[in-house]
Amino acid sequence: MSERDIVAALRRRAGEKPEFRLSELQNDLEAGPSLERLADAIRPHLASLDLAIRSTGDDYVVGRRTEGVLTVDDAGRERQIAFFQNPEVPEYLQRLVEGYIERKTGKSWDDPVVLDRMANAILAQKNQYWKERQVSYRKAYPVLGYLAYHAPVYLVQFEHIFWQLITRGLAKPHMRILDLGTGPGVVPLAVIDLLGRIGSGTAEVYAVERSEENFEAYNALVPAAARALGDRVRVEKPIRGDIGALKAGDLPDRIDLMVFSNVLNELRHLEIEGRADLVAALAERLSPDGTIVVVEPADLANATTMRQTVRAIADRGLAVHSPCSFIWGTACNPARCWTFEQKGNIRPTRLMERLAEGKGGYRFVNVDIKYSSALLRKDAKTGQTYRVPPGAKFARLSHLHRHRDKKINVVAALMSGNLGDNRTKVYKVCDGTPADPAYTVVPVTLRGANRDVLEGVPYGAIVQLYGVLVRFNKDHNAYNLVVLPGTRVERIGCPAGEESGAGTTEVPRPQNPPKKEVRSPRDPRRARGRP
């Protein structure tokens with residue numbers, strides 16, 4: 001039976017019934033292949049026929065792809081929110097990583113020699129990162145060190161991002177996902193784990209990776225994780241290649257979610273415009289309502305460069321969905337836009353705990369989740385549709401120089417948690433106008449209800465501030481909007497899905513609180529989000 005005959009029979013059967021069992025197609029073919037071989041034979045043709053396949057145990061169901069929004073029942077939602085309340089790498093994934101280490105080294109995963117070599121690899125990676133050098137994954141132990149130190153945080157981090165997509169109505173019941181620069185497959189592992197936990201949704205996962213060692217780790221971990229949770233996620237064979245050398249035609253089409261996680265910052269040979277060109281070219285493979293996720297570390301250099309890159313991508317025809325809100329209808333200047341999210345710390349893995357048992361063990365514990373991210377859409381869908389009404393009595397943040405030492409009204413999006421401490425609270429705000437950085441400040445001297453007026457406001461939510469005092473911080477060329485006893489704060493919007501409690505931003509704390517004078521955050525290592 002030729003492939004052409006199988007596809008022709010598939011097309012006929014799909015034209016007769018919107019949904020059918022694969023065994024019915026097998027009967028049409030008479031002396032056709034086994035169900036498993038038949039499923040493998042038709043999968044490459046499903047997207048072009050607008051079909052999807054799912055396992056039902058002893059058979060498969062083939063039907064029209066469900067266009068629409070992925071929904072999660074109450075039980076699935078509760079399970080995922082409970083996971084975020086006490087996040088840790090699931091046991092089955094820890095065992096997979098430990099087993100891979102043992103196969104790779106020929107020793108127990110916690111053998112002292114293995115742990116020592118992984119520790120040295122982690123320290124080398126951290127040193128390369130802070131010196132802004134390319135981190136190499138050409139040898140085995142750097143990849144094993146990555147799995148021990150970075151992967152646990154990045155796994156839970158992407159689950160937060162993927163959950164935001166779901167709660168904001170940007171995920172489909174069946175998704176084609178492409179992870180570019182996948183490394184050992186942390187993003188696919190996060191997708192597999194989350195979909196398995198919520199018990200709804202299916203996905204096809206494609207990936208691109210250039211490192212042979214990462215490629216090997218991916219093939220050992222990702223397909224095994226997908227098998228462990230059934231057939232909810234189909235893992236396609238990863239593509240070996242450099243994303244900087246890829247052509248759009250090298251990739252699958254009709255991608256619903258394209259991910260660049262901690263990747264664009266590694267393309268040090270490309271300037272911002274070059275990175276934007278690359279993303280825009282690859283975006284040709286998106287479905288008409290596809291989403292791009294860009295994630296970078298939260299440190300000052302990477303976060304601000306990411307915002308500039310996203311702005312450049314938007315200039316090439318993609319729409320910024322979130323977290324940015326262009327409430328005045330202007331294009332922003334993100335050159336000094338340092339914004340990031342922070343989520344609850346994860347529990348250390350067994351491997352991390354064993355690495356931390358020796359002298360200086362704190363250097364091998366990585367549990368805090370801090371990242372800077374953006375969603376872009378191929379269509380014009382945005383997370384916020386609010387625009388400042390004509391004639392409204394609000395000052396633009398780009399005009400704050402006209403209002404020094406005066407009380408004014410502003411409207412802006414909250415773009416951070418508390419960057420100060422419990423005494424002096426500091427929040428980054430932005431209204432999308434080209435401006436020097438602006439921060440809303442709750443001073444230590446303030447008493448009453450306004451002390452907690454911004455507590456719990458979600459990342460990206462828009463607030464109206466009536467009667468804030470404008471102060472200029474000359475040391476950092478930034479403006480503070482000081483909340484006073486008579487200041488009134490009204491929240492007028494937040495990104496869809498943030499009310500659920502799963503997408504809220506935890507409060508980042510600086511290591512040294514302000515003392516005498518209110519100052520804008522200045523130390524990029526306070527929110528490093530990396531080694």
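**Note on the predicted model: cavities, pockets, rings and cysteines**

1. The largest cavity holds about 180 Å³ of space. It is found in a predicted model, and the structure has 5 cavities of 30 Å³ or more. Lining the largest cavity are 14 residues, of which Val 89, Leu 93, Val 97, Leu 147 and Pro 152 come closest to its centre.

2. Which helices supply at least two residues each to the lining of the largest cavity? They are helix 5 (91–105), helix 7 (140–149), helix 8 (151–167) and helix 9 (186–198). Helix 5 gives the largest share, with 4 residues. Sorted by class, the lining of this cavity has 11 nonpolar, 2 polar and 1 charged residues.

3. The second largest pocket has a volume of about 550 Å³. Its lining takes in 28 residues, and the closest to the pocket centre are Arg 43, Val 233, Arg 234, Val 235 and Glu 236. Both helices and strands give two or more residues to this lining: helix 3 (35–46) and helix 10 (212–228), together with strand 2 (51–55), strand 4 (174–180), strand 5 (202–209) and strand 6 (233–235). The class count for the second largest pocket is 13 nonpolar, 4 polar and 11 charged residues.

4. Phe 394 is buried, its relative accessible area being 14%.

5. Two arginines lie over ring faces. Arg 197 lies over the face of Phe 83, at 3.8 Å from the ring centre. Arg 240 takes up the corresponding position over the face of Phe 215, at 5.8 Å from the ring centre.

6. How many disulfides does the structure hold? The count is 0. As a reminder, a disulfide is a covalent bond between the sulfur atoms of two cysteines. Two cysteines illustrate why the count stays there, given that a disulfide needs sulfur atoms within 2.5 Å. For Cys 324, the closest cysteine sulfur is that of Cys 332, and at 5.7 Å it is too far for a bond. For Cys 430, the closest cysteine sulfur is in Cys 337, at 5.6 Å, which is again too far for a bond.

7. Is Cys 324 buried or exposed? At 19% relative accessibility, Cys 324 counts as buried, because the cut-off for buried is under 20%. Cys 430, at 22% relative accessibility, counts as partly exposed.

8. On backbone geometry, a cis peptide bond joins Ser 322 and Pro 323, with omega at about 5°. Pro 323 sits in the loop between strand 10 (319–322) and strand 11 (341–343).

9. Asp 405 is not a glycine, yet has a positive phi of about 65°. Asn 477, another residue other than glycine, has a positive phi near 50°. Asn 477 is found in the loop between strand 16 and strand 17 (478–482) and is partly exposed, with a relative accessible area of 33%.

10. Leu 267 belongs to the loop between strand 8 (255–261) and helix 11 (272–282). Despite the loop setting, Leu 267 is buried, with a relative accessible area of 8%. From C-alpha to C-alpha, Leu 267 and Ser 23 are 48 Å apart in space, and in sequence they are 244 residues apart.

Technical notes: Residues numbered from 1 in each chain as written. Predicted model: local features only at pLDDT ≥ 70, side-chain atom pairs only at ≥ 80, totals over all residues. Heavy atoms only, no water. Buried < 20%, exposed > 50% of the residue type's maximum accessible area, 1.4 Å probe, protein only. Lys NZ or Arg CZ within 6 Å of the ring centre and 35° of its normal. 1 Å grid on protein atoms, 1.4 Å probe; cavity = no way out; pocket = protein on both sides within 12 Å on 5 of 7 lines; lining within 4 Å. Points joined across faces, edges and corners; volume = space filled by probe spheres on them. Nonpolar A, V, L, I, M, F, W, Y, C, P; charged D, E, K, R; others polar.
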